[in-house]
Amino acid sequence: MRFVIQRVSQASVAVDGETVGKINKGFLVLIGISQTDTKQTADKMVKKMLGLRIFDDENGKTNLSLADVGGELLLISQFTLYADCKKGNRPSFINAGKPDMANELYEYIISECKKQFRTEKGIFGADMKVGLLNDGPFTILLDSDEICG
């Protein structure tokens, strides 16, 4: 599982010209799910993400968490995070989770995040237009091979 976490001042996602998710200060998270991921993997990744202290405190140090700043989440499914570009110029997505399994885990992640934070989402498998104002810029990659392995 891979999370690309961007600290944002605002972010939104649109499908067919209609906004389906929008947040203010918080995290825009692109979520890639592999064939081998499980709910246990998701639990560890969500716990790590929600605990990240990457917002500035009163001294300008990145010392505050999402909860500390009353942040929000916008979660976007992104199977292309598992693109394999080793051979040729056309990426292979053989390592990405199959759609049914990946969607189930994506929805599970959303439900777990909603227990603690205002959480918006994209539409799984849709052609989405994502807009964001990256604050920093500040972007972090969490990979379950490092977090869970």
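**Ring contacts, the main pocket and salt bridges**

The charged end of arginine 2 sits over the ring of tyrosine 82, at 4.1 Å from the ring centre; the criterion is NZ of Lys or CZ of Arg within 6 Å of the ring centre and within 35 degrees of the ring normal. The model is predicted, so local features need pLDDT of at least 70 and side-chain atom pairs count only at pLDDT 80 or more, whereas totals for chains, interfaces and linings use all residues. Residues are numbered from 1 along each chain as its sequence is written, and side-chain values use heavy atoms, with hydrogens and water left out.

Aromatic pairs were assigned to rings of Phe, Tyr and Trp (its six-membered ring) with centres within 6.5 Å, planes under 30 degrees apart being stacked, over 60 edge-to-face and the rest tilted. The count by this rule is three aromatic pairs. The rings of phenylalanine 27 and phenylalanine 55 are stacked, because their centres are 5.5 Å apart and their planes are at 5 degrees. Phenylalanine 27 belongs to strand E3 and phenylalanine 55 to strand E4 (residues 53–56), so this pair ties together parts that are 28 residues apart in sequence. Helices (H or I, at least four residues) and strands (E, at least two) are DSSP runs numbered from the N terminus. Accessibility classes are buried (under 20% relative accessible area), exposed (over 50%) and partly exposed (in between), with a 1.4 Å probe and protein chains only. Phenylalanine 27 is buried at 0%, and phenylalanine 55 is buried at 2%. Phenylalanine 79 and phenylalanine 93 form an edge-to-face pair, with 5.0 Å centre to centre and 70 degrees between the planes. Phenylalanine 79 and phenylalanine 93 are each placed in the loop between E6 and H2, 14 residues apart. Phenylalanine 79 is partly exposed at 47%, as is phenylalanine 93 at 31%.

Pockets were located on a 1 Å grid over the protein atoms alone, as open sets of points where a 1.4 Å probe fits, with protein on both sides within 12 Å along at least five of seven lines; lining residues have an atom within 4 Å of a point. The largest pocket has a volume of about 310 Å³, the volume being the space filled by probe spheres set on the points, which are joined across faces, edges and corners. Its lining comprises 17 residues, of which Ser77, Gln78, Phe79, Gly125 and Met128 lie nearest the centre. Strand E3 (26–32), strand E6 (72–77), helix H2 (99–114) and strand E8 (128–143) each supply at least two lining residues. The lining divides into 11 nonpolar, six polar and no charged residues, where Ala, Val, Leu, Ile, Met, Phe, Trp, Tyr, Cys and Pro count as nonpolar, Asp, Glu, Lys and Arg as charged, and the others, Gly among them, as polar.

Two backbone features were noted. A cis peptide bond joins glycine 136 and proline 137, with omega about -5 degrees; proline 137 lies in strand E8. Aspartate 16, not a glycine, has a positive phi of about 50 degrees.

Salt bridges (a side-chain nitrogen of Lys or Arg within 4 Å of a carboxyl oxygen of Asp or Glu) number eight by this rule. Lysine 115 pairs with glutamate 112, the closest N and O atoms being 2.8 Å apart; lysine 115 is exposed at 62%, whereas glutamate 112 is buried at 19%. Arg7, Asp56 and Asp135 are linked in a network of salt bridges.
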